[in-house]
Amino acid sequence: MQIGLISDIHGNLPALEAVLSDMPAVDEIACVGDVVGYNPWPAACVDRVREVAAVTVQGNHDRTVRTPETYRGNRMAHAGLEHALDELSEEQLSWLDDLPRTATVADDRFLLVHDHPDVQDRYVMPEAFSGLWSYLDDRSGLVLGHTHVQHEETDGDRLLVNPGSVGQPRDGDPRAAYAVLDTDAVTVALHRVEYDVDRVIRAVEEAGLPERIGARLLDGS
């Protein structure tokens, strides 16, 4: 079974559409959270993810979209959530509210979580992946996001993977990131695709969002 993995879209519709166009044929798509936040198209991204993803877990921005003040200390996050709250319908907000913290795919063989399996909102950077193996139990793999850093690691026939961020990469590569999981071989292919960053920068400005939201997309920071 081939599963397309997407994460951290953050309201970036051009990046999401580029990923979906570039993705090879898969049996289904799974999203590991943060559909909204930061960028100007939260409603369109919610609709698109609902259309294409067989399963979506809740990210921290999805969870706090009704309470932008949670991120008052982070100007970009706060502004992005305020924008999302203005743009999303009550039905879309309810969908985000109801997303599960964790899910599984491929007959429970792969665990999906946005951040850390046991500690909500904890970042798991690549150098800390080795501390995750115990959370697999008898499963073949774990898929997580949150850091916006694309990375995969294997241990025999077990797999850990962060597909990277679709809409706001932070690993020095500005291209939109995603991955394709082969659940039978327990392998993953990491992918990057270019998209129209200038369109996002213009839309950020038009929406009155902080300039840095768009500028950081140029260098993947």
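The model is a predicted one, in which local features need pLDDT of at least 70 and side-chain atom pairs count only at pLDDT 80 or more, whereas totals for chains, interfaces and linings use all residues. Residues are numbered from 1 along each chain as its sequence is written, and side-chain values use heavy atoms, with hydrogens and water left out.

The protein chain has seven helices and 10 strands, where helices (H or I, at least four residues) and strands (E, at least two) are DSSP runs numbered from the N terminus. Its radius of gyration, taken over C-alpha atoms, is 16 Å, close to the 17 Å that the globule rule (2.2 Å times the number of residues to the power 0.38) gives for 221 residues, so the protein chain is as compact as a globular protein of that length. The C-alpha trace spans about 50 × 30 × 30 Å along its principal axes. Of the 221 residues in the protein chain, 57% are buried, a class defined by a relative accessible area under 20%, with exposed meaning over 50% and partly exposed in between (1.4 Å probe, protein chains only). Contacts, defined as heavy atoms within 4.5 Å, were also examined by sequence separation: among those in the protein chain between residues at least 6 apart in sequence, 65% join residues at least 24 apart.

A search of the whole structure finds one cavity of 30 Å³ or more, a cavity being a set of points, on a 1 Å grid over the protein atoms alone, where a 1.4 Å probe fits but cannot get out. The volume of the largest cavity is about 40 Å³, a volume being the space filled by probe spheres set on the points, with grid points joined across faces, edges and corners. Its lining, made up of residues that have an atom within 4 Å of a point, consists of Gln58, Gly59, Asn60, Arg63, Arg101, Val113, His114, Asp115 and Gln120. By class, this lining of the largest cavity comprises one nonpolar, five polar and three charged residues, where Ala, Val, Leu, Ile, Met, Phe, Trp, Tyr, Cys and Pro count as nonpolar, Asp, Glu, Lys and Arg as charged, and the others, Gly among them, as polar.

One of the lining residues, Asn60, lies in helix α3 (residues 60–64) and counts as buried because its relative accessibility is 3%. When neighbours within four places in sequence are left aside, Asn60 is in contact with Asp34, Tyr71, His114, Asp121 and His146. Another lining residue, Gln58, is touched by Asp97, which also touches Arg66, residues up to four places away in sequence not being counted. Asp97 belongs to helix α5 (residues 90–97) and is partly exposed, with a relative accessible area of 32%. The C-alpha atoms of Asp97 and Val161, which are 64 residues apart along the chain, are separated by 25 Å.

Backbone torsions were considered next. Most residues other than glycine have a negative phi. By contrast, phi of His10 is positive, near 50°, and Ala106, likewise not a glycine, has a positive phi of about 55°. His10 is placed in the loop between β1 (2–6) and α1 (13–22) and is buried, with a relative accessible area of 0%. Ala106 is placed in the loop between β4 (102–105) and β5 (110–113), and at 13% relative accessibility Ala106 also counts as buried.

Trp133 is situated in the loop between β5 and β6 (141–143) and counts as buried at 12% relative accessibility. Not counting residues up to four places away in sequence, Trp133 touches Glu153, Thr154, Asp155, Arg158, Leu159 and Leu160; Thr154 is 21 residues from Trp133 in sequence and 9.7 Å from it in space, C-alpha to C-alpha. Gly80, found in helix α4 (residues 75–87), counts as buried at 0% relative accessibility. With residues up to four places away in sequence again not counted, Gly80 touches Gly37, Tyr38 and Leu209, while Gly80 and Gly33, 47 residues apart in sequence, are 16 Å apart in space, C-alpha to C-alpha.

Terms used: 1 Å grid on protein atoms, 1.4 Å probe; cavity = no way out; pocket = protein on both sides within 12 Å on 5 of 7 lines; lining within 4 Å.
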